[in-house]
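Student: I would like to learn how to read helix packing. Can we work through an example?

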Amino acid sequence: MPAHFCVSRQTAEEFMRLFVNRLAYCIQKEKAPSDGSAPYIKQTRPLDSGAVRMHLNGDMTISLFAINPQTQSCKWVAIDADFGDALDALFHLRRELKQDGIDAALEQSRRGGHLWIFGEGPLLASQCRIYIYNLALRLGVPVKGGGLKEGIEVFPRQDHIADGAYGNAIRAPLGVHRKTNRRYWFYDADVTPEAQLNYLYGLKKLTATELETLTQGMELPKAYRPPAPVPFVPRIPVTGQQEFRILNYVQITGKQDIRNWKAQCPSCAQAGRDRSRDNLGIKISDPRFYVCRAGCTKEEIRAALGQPIRKAAMA
Ligand SMILES: [Zn+2]
């Protein structure tokens, strides 16, 4: 059993000042006995110090998103490594960061570790990534992606995210991992939430100006740049045949992922659901394909739009 704590509201607030850049968060489900999975579920309510207290105490486990879309900035950079020589790679990175005048804290993890760097103020996600990717490549530390299956992963995982998007979340430190029912602490500090936070607060924080200087003239290595979006070229309609176009009926909400536009599902909307207006995914490369993630059928969606699918006429 992992240690149970009873932290003060003040400790929770200190944790939030250090780690919470936006109030969106996920809660990790208890481990499923069937397959051992413990997925993170996105919450609709904003994170508050009560939830953070529960996380620190060990009553539940949360994950946090790196980027705030309003500023495209983050409060921290976390380097996740879980491959064979993960810890060696992280220690190597930490030594090199020190040479650049940056303190980094190493947290244990289930299969390796997480190396954390904290900002004095908001740090541009794109600059954080440029810096770490270049540093890692210079040291020969493998970076996942760009053709490599194994390597470090850098949170923030995106250079920027759309308004209403979240990017990737990482398990918040100092809590209990539901898969192993264990806490993973930062090295170099006593193993209580208070002592750990105290240690983290004592680290030198990276300023935006320092990061700017460190990344001058650098860009993200080519292999890791996101692919340029493929513009959609509509099919030439067959003369005389009026093809149904979902895009003529719904409003795209700007929450698109790499393959799909997002919109409120008309059928869900009719039932007063899908307030987040992103149940309907419309394939960017061919918008004839669309699907409601809440499970509405194509027939229901078309009917809700007053454009029912015509059944083939009976003979
Ligand atoms: Zn629906």
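Student: At what angle do helix H3 and helix H4 pack, and how far apart are their axes?

Tutor: This is a predicted model, where local features need pLDDT of at least 70, side-chain atom pairs count only at pLDDT 80 or more, and totals for chains, interfaces and linings use all residues. Residues are numbered from 1 along each chain as its sequence is written. Helices (H or I, at least four residues) and strands (E, at least two) are DSSP runs, numbered from the N terminus. Axes are lines fitted to C-alpha atoms, for helices over the stretch in contact; angles run from 0 to 180 degrees between N-to-C directions. Here, H3 (residues 86-99) and H4 (residues 125-139) pack at about 110°, axes 11 Å apart. H3 is thus roughly perpendicular to H4 (65 to 115 degrees).

Student: Which residues make the contact of H3 with H4?

Tutor: Contact means C-beta atoms, placed from the backbone, within 7 Å. H3 supplies His92, Leu93 and Glu96; H4 supplies Leu135, Ala136 and Leu139.

Student: At what angle do H1 and H2 pack?

Tutor: About 95°, with axes 9 Å apart. H1 and H2 are therefore roughly perpendicular too. Arg9, Thr11, Ala12, Glu13, Phe15 and Met16 of H1 meet Ser49, Val52, Arg53 and Leu56 of H2.

Student: Which residues of H2 are buried?

Tutor: Buried means 20 or more other C-beta atoms within 10 Å of the residue's own. In H2 (residues 49-57), these are Ala51, Val52, Arg53, His55 and Leu56. They pack against H1 (9-19), strand S3 (62-65) and helix H5 (193-202). Just after H2, glycine 58 has a positive phi of about 105°.

Terms used: Parallel < 35°, antiparallel > 145°, perpendicular 65-115°, else oblique. Contact = placed C-beta atoms within 7 Å. Buried ≥ 20, exposed ≤ 12 C-beta atoms within 10 Å, placed from the backbone.
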